[in-house]
Amino acid sequence: MMQQPVIYSVNGPVVKIRNTNVFSMMEMVYVGKRRLIGEVIGLTDAETTIQVYESTSGLETGEPVEPTGAPMSVTLGPGILMNIFDGIERPLRALESASGAFIGDGLDVPILDTEKEYDVTVKVKVGTRMQGGEAYASCPETSAILHLCLVPPNLSGKVVFAAKDGKYRINDEIIRLEDSAGRIHSLTLCQKWPIRRARPAAKRLAPSRPMITGQRVLDTLFPIARGGTAAIPGGFGTGKTMTQHQIAKWCDADIIVYIGCGERGNEMTQVLEEFTALKDPRTGKSLMERTVLIANTSNMPVAAREASIYTGITLAEYYRDMGYHIAIMADSTSRWAEALREISGRLEEMPAEEGYPAYLPSRLSEFYERTGAYETLNGREGSVTVIGAVSPQGSDFSEPVTQNTRRFVRCFWGLDKALAYARHYPAINWNMSYSEYLDDLANYYEKNVDLKFNTYRTEISALLKEEQSLMDIVRLIGSDVLPDDQKLVIEIARLIRVGFLQQNAYHAEDTYVPLDKQFRMMELILHVYHRTKALLAEHVDLEAIKSSGVLEMVIKVKYDIPNRQLERFDTLTQQIDGMLDALRTQKKEVL
Amino acid sequence: MSLQYFGLHSISGSLVVLDHVEGVQFDEMARIVLDDGTERTGRVAMLEGDKAILQVFEGTHGLSLTNTRTQFTGRPMEMPLSADLLGRVFTGAGRPADGLGEVVPEKFGDINGAPLNPVSRQYPRNYIQTGISSIDCLMTLIRGQKLPIFSGTGLSHNKLAVQIVQQAQIAKDSGAEFAVVFAAMGIQNDVADYFRRSFAESGVLQNVVMFLNLANDPIVERIITPRCALTAAEYLAYEKHMHILVVMTDMTAYAEALREFSSSKGEIPGRKGFPGYLYSDLASLYERAGIIEGIEGSVTQLPILTMPNDDITHPVPDLTGYITEGQIVLDRGLEQGGVYPPISVLPSLSRLMKDGIGEGYTRADHAAVANQLFASYAQVQDARSLASVIGEEELSALDKKYLEFGKYFEKCFLSQGFTENRSMEETLELGWTLLSLLPKSALDRVDDAVLNEHYAPEAAEALVRKVRERNG
C-alpha cells in the first residue's frame, strides 16, 4: 500500500505532488483538508500536476490529495434548466445558501435538486432490450421542455426491473439493466458524463436549416445553420454581449446554454433577471424555462473558467441526444484562452504566440467540432450551435485567438468600432463578415420564404460592396464629383444601412423581425432603387428624389409596419410609386 | 504559531526564500523582524517542498541571509475594519499614516475579498448624478457600476475626478450615507496632496478614506493598495450600509508594479511584458463593484488610468475596458482646444445606463436624445475629415450644418466650469436645443412623436446668439 499522496508545492491554482502513481490524467481529485475540487493535468514519473478549481489560499504542503477514480464530470438529469451554475456545474443558488453572498471554498453542495419530485413516465417494461442512447423514461422538466432519460451511450442490456409511473426524485431507481456480461446496472433520473469527451451520436448531418435569429443582418446577409459555428469578435464596447443576448432571446433553438466565461458579474445578473422576466414568444412562459446559465465571472477561479465551456457543451450535447436543438452562447472564448495561457504559464510550458500555449488551436478546434446537427443514437434529430464571442486584445483581429478561431468557425460576424461609435447596432461590419453556410441554406430560403430571397440578398450585398468602393472616392474628393447614378447607389446603400441593417433591440417591433418581413423590406428597398434609377434615366433630379421623402419612408418602415401586418407593404409600395410617378410628371411638365 | 525561522535561504528582488519550513499556508502573512528591531511584512507567494517564497511589501533592502527572524501568522493579509475608517489616511498597505493611531477594529477583513455570487448581486439601476452634462446624458454613471476614466499624462483627469466626487449625488431614495474611498497607487506627492486639499476644501474629508501609495513607495505595497481600499469599501457598503464611490488612481502604475513583481518571480510574460494573468488580476479588483440583493449599500468604482502614449490598445486600458462596464475617454485634442472636461464622447460608453435612465429614473426622452447626440456627433467627425480634404467651402449644406452643430456641442455641452453643476433637466434640454441646430430630417434615431415634442429651432438660434454675444 502506498502512502497517501500529499501536496509538494503550491503556486496559484497549480498544485504538485511528488512520487505517486495513483492518479490518472484528467482525473478529478479533492485537494487538501478543505477538499477543494481539482483536476489532474500533468503526469510524469516524478510529479503529478493538478489544477485547482477553487482558491488555494491557506493550503499547506503536506496536506492530503484524494483521488476519485473518475474524470472531471458533470451530472446530467432534470433540474439543469432554469438553473445557474459555476464553471464546474455547482449551482450558484445552493452556494449562496451555503456561504452567503460571497462564494466560499470547499463547499459540498448537490449539483441538482435531490428533493424535487418529477412526474415520471416509464417507457419500458421488464424484458425490453435497450441500446445506449434509448429513452427509458420521460418527465416534464419545466413546462417548456420534456426531459428524456437516456441509457448511457456505452451501456446496453435487458430491463430486469422497471418502476411504475409516478413521482420520483433524481436519485430514485427507475430501471435496472442487465448487460450481456450479466452485470446489473441501476439507472436513476440522472447520470454522469466526463466534460472533456464528446457524447457519441449516430450520424452527423449536413447543415440544411438556418437558425433564425430575427436579426436582419444575420438572417439575411450572414446566416448560421443549425449545428453551425459562429464567432463574434469585437473590441470592448462594440456590442458582443448585446448581440449574444439578442440571439439568445429570439433565436429558434429549443434550449439556450449561456456560458458567461470570465465576464462581468453584473452582466450575468442581468441575463438571469431579463431571461426570467422575458416572456418566451414560443411558449408564453419565462425564457428561463428553456435556458441554463453557466456563470464563471472574471473574478472566480481561473481553472474553473477553463472548464466552463466544456461543462456548457456537455450539457448541450445531453439535450441534443433527446432530440432538441441547442444554441450555446459562449461569452467570451478569449477569456477561456487566457485561462489556458495562465495555467500554461504556471506549468512553465514553452509558450507559442503572445504567451499562449502551442495547443491553443487544437483545443479551440476540439471545442468547435463538438457542434453540429446529428442523428442521435435513438434516431432523433438534434443539433448544437455555438456562437462564441471573441475579445481581441487591442481590437486587433490578427491576434492569436481571433485568428485561430477564424479557422474553425464558418460564420464570422466582425464587430466594428467605427459603427459602434456611431451607435449603429448591431455593429456587424458587412464588408468584413461572412457566412460559409449561404449555399447550404439557399434551398431553405427559396422553399420557405421566397424564390427570390437569394437573388435579393446578392443584390443587396452588391450594392453595399459598390458603396464601399464609391466611398473610397468620396473620402478623397467629396461626393459632388460623382455622377447621379453613383450618388443614388450611395443613397440606397444608406437605406440599406440605416433602414435594414441597423436594428433597434429596444424597440418592441424591431427587436425581432421574422424572415418574411425581412424579405419584404429587401424587396421594398430594391424596388425603390430600380424605380429611382429609371427616373434618373428620365432626367429627374436626384435632389428631387431625395427631397420627396420617399427614402425617409423606407427607412422608417422597420418601425412603421408591424411584423404582423405585412400586407401594409403593398399599400406603402403603391403610395411610394404614386410619389415617384408624380416626380416624373413634374419633370415632364417642366420640359 | 510561535515558531521563528532564523535567516533566509536567498533574496531576489522583493522575494525572499526560506527553507526547512513546516506548516506554512499558501497566501498567509509573515512578520520578518530584522536585527535592528524593525519589522517587515511578507506574504507567501509560492510553496515548494520545504521552501516558502515570500514577497516582502516594504522591499528587501537591508535584509541579509542572516539578520532576520521570520514568524508566520497563519492568516491571510487582513485589514482592521471599523466605522472609524472614515476621515482617516492610511499607507498603501493599510497602516495609519495620519498619526492618529491604530484603528480599533470591529472585525478583520481578508483583503483579497471573495467573488460575489452572481445570483446574490442586484442588477444596478439607480444613477448617480455627477452634474457633468456629457457624463450624465451620454454615459450615465450607475450606482454599483465600475466606470473607469481613460486618460493620458497631463490631461485633467484628476480635476474631473475631484469634480465628480464633489458633485456626485445619489439620485432618489438617498437615505443612506455617501462616502468616498480613495486609493492612490504610484502617484506623485503633489497629486496626492491635490486630492487631499480638494476634499478638505469641499468639506468632504470626514467622509473620505484615503490609501496612499506614492510614486516613491515600494511597488509590492502598491499591489495590495487597491485591495485594502476595496476591503474598506465593501465593509462600509455592505455592513455599514453606505453608498461608496471608490476612486482608484493610477491603474497603469498598479499594472506596472504587477509586471515588475511578476518578472522578479521569473514568470513568463504576455503582451508588453505584462503577466498573462493581468486580466484575472484586474478583474479581481474591478469585479468588487456592485450591489448585493437585499442589502442597503453599494460599491461604485471610478478607476483612473493613464494610457501610455495615449494608446487605447495598450494592455492596461484594453483589458480594463473588457472588464469594466464602459469607459470615459479623455482626449488630448479637446484639452488643447480648451474644452474642459475633455471627454471624447464617441469612444466613451456606459453599459449600464440603458437600464438606469428614462421614465422613472431620469426622463422618458433621455435615451432618444443620447442616441441622437451620439449619432449626429459621429457625422460631425465625418464632415470634419471631409472638410480637411476638400475644404469647408465645398461641403454640402448638411455637412456644413454638422460642422456648426459640432462646434456648439463642444462649446456649450461638453465644456463646463469646474464648479458648474448642471441638473439632469438642464443637460437634457441643452441636448435637444443643440440637436435643433440640425434639420429635422437628419435626426433619424428618434421617433417622430418624441422629436416633435422636443425639436426647438428657436431655442437653438437663441443659444447661438447668446454664444456669439458672449464672444463679442
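I began with the patch rule: patches are made of residues with over 30% relative accessible area and no salt bridge, with like charges joined within 9 Å and nonpolar side chains (Val, Leu, Ile, Met, Phe, Trp, Tyr) within 5 Å. A salt bridge is a side-chain nitrogen of Lys or Arg within 4 Å of a carboxyl oxygen of Asp or Glu.

This is a predicted model, where local features need pLDDT of at least 70 and side-chain atom pairs count only at pLDDT 80 or more. Residues are numbered from 1 along each chain as its sequence is written, and chains are lettered from A.

**Positive patch, chain B**
I looked up the surface charge and found K407(B), K411(B), K466(B), R468(B) and R470(B) together in a positive patch. Two helices of chain B, α11 (397-414) and α14 (457-470), each give two or more residues to this patch. I noted that α14(B) supplies the largest share, 3 residues, and that R468(B) sits in helix α14 of chain B.

**Nonpolar patch, chain A**
Next, I found I473(A), L476(A), I477(A) and V481(A) making a nonpolar surface patch of about 370 Å² (areas by the Shrake-Rupley method, 1.4 Å probe). I477(A) belongs to helix α11 of chain A, residues 453-477. I477(A) counts as partly exposed because its relative accessibility is 45%, and that class runs between buried (under 20%) and exposed (over 50%).

**Chain A overall**
I checked the burial too: 60% of the 591 residues of chain A count as buried. The C-alpha trace of chain A spans about 105 × 55 × 40 Å along its principal axes.

Technical notes: Heavy atoms only, no water. Lys, Arg positive; Asp, Glu negative; His and termini not counted. Charge placed at Lys NZ, Arg CZ, Asp CG, Glu CD. Helix = DSSP H or I, 4+ residues; strand = E, 2+ residues; numbered from the N terminus. Buried < 20%, exposed > 50% of the residue type's maximum accessible area, 1.4 Å probe, protein only.
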